[in-house]
Amino acid sequence: MERHCDVAIIGGSAAGLAAALQLVRQRRSVVVVDDGTPRNAPVAHMHGYLGSDGAAPSELTGRGREEVRSYGGEILTGRARTVERYDDGRFRVEVGGGHALVARRVLAATGLADELPDIEGLAESWGAM
Ligand SMILES: Cc1cc2nc3c(=O)[nH]c(=O)nc-3n(C[C@H](O)[C@H](O)[C@H](O)COP(=O)(O)OP(=O)(O)OC[C@H]3O[C@@H](n4cnc5c(N)ncnc54)[C@H](O)[C@@H]3O)c2cc1C
């Protein structure tokens with residue numbers, strides 16, 4: 001299935017949803033594709049984020065998703081696998097599961113991956129220290 005939009009956003013955590021919210025408010029059609037692996041996945045609560053101190057990370061993104069949807073933005077669950085540029089300047093983003101997005105712009109908000117040093121016990125404690 002192919003969807004057409006102004007902006008395809010790869011990554012639907014804090015950064016991707018914040019970008020989506022600005023864009024949908026500016027009447028751009030937006031599809032966010034997210035595969036549900038945010039950097040802070042190991043933690044149950046987040047701190048120091050104004051207005052959401054102590055909240056579960058999923059609470060923040062859940063609210064963000066609702067806000068984006070309330071302006072007509074779409075959230076697609078899946079992993080963006082390839083990005084290809086057409087001759088007319090538009091982009092095609094292949095998403096797993098037979099979905100594709102055709103967009104005027106692509107915004108990558110895919111976050112960072114933490115590479116922990118090989119120290120015994122560290123990985124198990126990550127997010128709980
Ligand atoms: C252990 C730990 C604890 C933390 N605690 C706090 C805290 O208390 N307070 C705080 O403010 N910050 C905290 N942070 C930092 C916070 O997690 C990051 O600042 C925040 O997650 C960055 O958001 P982001 O949207 O840039 O990236 P991410 O949250 O990492 O989101 C990236 C998103 O992109 C998606 N994605 C990636 N590649 C693809 C793809 N190809 N296709 C589709 N989707 C894709 C992922 O599924 C993910 O949802 C913590 C981080 C860690 C590691």
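Helices (H or I, at least four residues) and strands (E, at least two) are DSSP runs, numbered from the N terminus. You're looking at a predicted model, where local features need pLDDT of at least 70 and side-chain atom pairs count only at pLDDT 80 or more, while totals for chains, interfaces and linings use all residues. Residues are numbered from 1 along each chain as its sequence is written.

**Stop 1: the ligand.** Select the ligand and bring up its surroundings. There are 29 residues around the ligand, the closest being Gly11, Ser13, Pro38, Asn40 and Gly111; a residue is near a molecule if its C-beta atom, placed from the backbone, lies within 6 Å of it. Now color helix 1 (14-25) and strand 2 (30-34): each supplies at least two residues of this shell. Helix 1 gives the most, with three residues. Color by class next, and you'll find 12 nonpolar, 12 polar and five charged residues in the shell. Here Ala, Val, Leu, Ile, Met, Phe, Trp, Tyr, Cys and Pro count as nonpolar, Asp, Glu, Lys and Arg as charged, and the others, Gly among them, as polar.

**Stop 2: the core.** Pick out Ala8, Ala20, Val30, Val32 and Val33, which have the most contacts inside the largest nonpolar core, a set of 23 residues. Such a core is made of buried Ala, Val, Leu, Ile, Met, Phe, Trp, Tyr and Cys residues joined through C-beta atoms within 7 Å. Helix 1 gives the most here too, with six residues. Zoom in on Val30: beyond four places in sequence, Val30 touches Cys5, Asp6, Val7, Ile9, Ala20, Leu23, Val24 and Gly73. Contact means C-beta atoms, placed from the backbone, within 7 Å.

**Stop 3: Ala19.** Stay in helix 1 and click Ala19. Ala19 is buried because 20 other C-beta atoms lie within 10 Å; the cut-offs are 20 or more for buried, 12 or fewer for exposed, and partly exposed in between. Leaving aside neighbors within four places, Ala19 is in contact with Ile9, Leu107 and Ala109. Draw a C-alpha distance from Ala19 to Ile9, 10 residues apart along the chain, and you get 8.3 Å.

Stop 4: Show strand 4 (residues 80-85) and strand 5, which run antiparallel and are joined by five bridges; strands pair if DSSP finds at least two bridges between them. Val83 has Val93 in strand 5 as its bridge partner. Five residues lie between these strands, and Gly89 in the turn has a positive phi of about 95 degrees. Move on to strand 6, which pairs with strand 5 in the antiparallel sense over five bridges. Which residue in strand 6 is the bridge partner of Glu94? Ala100. This hairpin has three residues between the strands, with Gly97 at a positive phi near 85 degrees.

Definitions and conventions:
Contact = placed C-beta atoms within 7 Å.
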